[in-house]
Amino acid sequence: MSQKTPLYQSHLKASAKMVDFAGWEMPIHYGSQITEHQIVRTDAGMFDVSHMTVVDVSGVDSSAYLRYLLANDIAKLSTEGKALYSCMLNQSGGIVDDLIVYWLGGADYRVVINSATREKDIGWLNQHVGDFSDLSLKERDDIAMIAVQGPQAIEKTLSLFDQGSRAVIESLGRFFGTTVGDYFVARTGYTGEDGFELLMPNAMAAECWQQLLDAGVKPCGLGARDTLRLEAGMSLYGTDMDETTSPLISGLSWTLAMQDERDFIGKQALLEEKSNGVKQQLVGLLLKDKGVLRNHLKVITDKGEGEITSGSYSPTLSQSIALARIPSGVSGEVEVEVRNKHLKADIVKFPFVRQGEPCVTNGSMSNE
Amino acid sequence: MSNVPSELKFLSSHEWVLIEDDIATVGVSDHAQELLGDLVFVELPDEGDSVSAGDSVGVIESVKAASDTYAPLSGEIVEINSELEDSPERINDDPYGDGWMYKIKMEDADEVDNLLDADSYADSIAEDE
């Protein structure tokens with residue numbers, strides 16, 4: 001039996017094509033995925049992301065618990081409302097899930113995890129409560145979430161709020177969240193554009209959606225969300241990383257805080273992987289030939305084979321792009337096996353696109 | 001419901017065929033373009049290629065998926081719609097018109113009997129809709 005978000009009827013009303021996504025009936029597009037993609041790059045689009053799992057962590061031990069559970073260090077959150085992206089690892093350094101944690105102030109944290117991994121994650125979170133005696137974990141399935149993204153997202157979202165709230169929201173820095181009335185407003189997202197993620201009680205979601213529609217924000221589906229995040233060089237759990245891959249081979253070394261004494265689950269395995277020499281790397285690929293790179297295609301390099309983890313067409317670059325896991329030390333040009341043909345692709349740094357602008361030109365970064 | 005013009009013949013793999021004398025024009029159906037979504041790449045056979053009915057002769061790719069296309073009839077490819085190379089979205093916009101893919105000079109008119117008529121094709125896709 002598939003689950004429906006509080007916005008299910010709103011999607012049908014907007015002529016969404018609904019698909020099953022991790023047990024949820026979600027909109028894949030509302031007509032054209034490419035149009036929706038371009039709306040987010042040039043104007044403002046919104047995504048129903050209510051299927052994602054929100055867990056509030058509180059209690060005196062919350063901070064010690066999260067510092068043990070997460071590979072990034074929430075001690076970095078020195079300002080109330082600040083958010084942190086982190087992986088949650090298993091003992092062998094594989095990724096259980098990736099998540100965002102917000103420091104709500106005091107001993108209160110809000111963690112947003114993936115929907116496809118909900119059951120496993122909740123189990124993992126509970127399993128490690130252990131000796132952290134003053135700890136409360138509360139899943140917030142009473143909360144809906146709408147991501148409003150694009151260069152016009154902030155302005156159009158502000159129109160929903162009264163003057164006092166506007167001032168609070170306007171002062172939100174990037175990667176910060178704050179409570180505004182019944183909303184939790186966070187300046188975060190998964191598209192490479194500026195914008196907000198709005199969390200609210202389920203009962204308010206349909207009205208909020210309608211107000212955003214009235215403000216000129218266009219509904220966008222999971223299809224556009226995927227091409228937007230790929231252009232933005234953001235990894236997708238289950239595709240670019242999973243329990244068998246460490247952050248070191250998933251392009252996520254930057255999320256690891258392992259310089260100091262802090263122990264966290266998976267740290268020992270990461271240290272060993274490092275001392276043995278990291279064998280693989282996650283790179284961006286830009287296809288030079290005609291065609292479209294797809295997940296799981298074989299990549300042929302002069303140091304051995306690799307595999308595309310996420311491949312698609314980039315509407316912004318009008319070219320196919322991909323993330324691929326290939327042997328360490330390879331750079332320059334590689335070949336991708338597409339239907340028994342070998343197509344040429346350049347290794348590039350990602351993101352491919354950030355804030356509407358291409359970051360790659362002819363295989364080299366323009367913003368370095 | 002997607003559009004299934006009655007004057008056309010179809011393959012269950014969603015190609016449409018317009019027969020005019022011994023020339024068959026081939027494209028993909030409205031239903032197929034809807035299933036695939038925005039098309040971003042079309043690979044066509046070459047002019048002069050000799051094809052047999054059922055041969056995989058090209059690929060159409062959307063943002064989300066790639067799909068092989070099959071020759072509905074045997075014969076020689078006498079013309080291709082080279083506009084599709086730069087504008088694959090013509091298939092989305094006008095699958096039975098500007099979105100045509102190629103023309104075959106038929107070798108064996110009897111093969112036309114193996115194609116689905118519009119009603120049969122419409123029935124075959126009804127359960128997807």
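**Getting to know a two-chain model**

A:Pro247 is buried, counting 26 other C-beta atoms within 10 Å (buried takes 20 or more other C-beta atoms within 10 Å of a residue's own, exposed 12 or fewer, and partly exposed lies in between, with C-beta atoms placed from the backbone). What you're looking at is a predicted model, where local features need pLDDT of at least 70, side-chain atom pairs count only at pLDDT 80 or more, and totals for chains, interfaces and linings use all residues. Residues are numbered from 1 along each chain as its sequence is written, while chains are lettered from A and ligands numbered from 1 in the order in which they are written. The predictor gives the complex an ipTM of 0.81 and a pTM of 0.92.

**Around A:Pro247**
- You'll find A:Pro247 in the loop between helix 8 and helix 9 (267-275) of chain A (helices are DSSP runs of H or I with at least four residues, strands are E runs of at least two, and both are numbered from the N terminus).
- Leaving out residues up to four places away in sequence, A:Pro247 touches A:Ala71, A:Cys87, A:Ile95, A:Leu252, A:Ser253, A:Thr255 and A:Leu256 (contact means C-beta atoms, placed from the backbone, within 7 Å).
- A:Pro247 and A:Leu89 sit 158 residues apart along the chain, with 8.7 Å between their C-alpha atoms.

**Domains of chain A**
- Chain A splits into domain 1 (8-50 + 142-230), domain 2 (54-138) and domain 3 (233-365), with bounds that come from an automatic or database domain assignment.
- Taken over C-alpha atoms, the centres of domain 1 and domain 2 of chain A are 24 Å apart.
- Ten residues of domain 1 of chain A are in contact with eight residues of domain 2 of chain A.
- On the domain 1 side of that contact in chain A, there are seven nonpolar, three polar and no charged residues (Ala, Val, Leu, Ile, Met, Phe, Trp, Tyr, Cys and Pro count as nonpolar, Asp, Glu, Lys and Arg as charged, and the others, Gly among them, as polar).

- The largest nonpolar core has 130 residues, and A:Ile146, A:Val148 and A:Leu198 touch the most other members (a nonpolar core is a set of buried Ala, Val, Leu, Ile, Met, Phe, Trp, Tyr and Cys residues joined through C-beta atoms within 7 Å).
- In helix 3 (residues 62-69) of chain A, the buried residues are A:Ser62, A:Tyr65, A:Leu66 and A:Leu69.
- They share one side of helix 3 of chain A because they cover an arc of only 95° around the axis, the arc being that of the directions from the helix axis to the C-beta atoms.
- Those buried residues of helix 3 of chain A pack against strand 4 (53-58), strand 5 (83-89), strand 6 (95-105) and strand 7 (108-113) of chain A.

**Where the chains meet**
- Twelve residues of chain A are in contact with eight residues of chain B.
- Helix 2 (33-42), helix 8 (222-231) and strand 16 (304-314) of chain A each bring at least two residues to the side that touches chain B.
- That side of chain A is made up of three nonpolar, seven polar and two charged residues.

- A cis peptide bond, with omega about 10°, joins A:Phe350 and A:Pro351.
- A:Gln355 isn't a glycine, yet its phi is positive at about 50°; A:Gln355 counts as partly exposed, with 14 C-beta neighbours inside 10 Å.
- Over in chain B, B:Asp21 also isn't a glycine and has a positive phi near 55°; B:Asp21 is exposed, with 8 other C-beta atoms within 10 Å.

Definitions and conventions. Contact = placed C-beta atoms within 7 Å.
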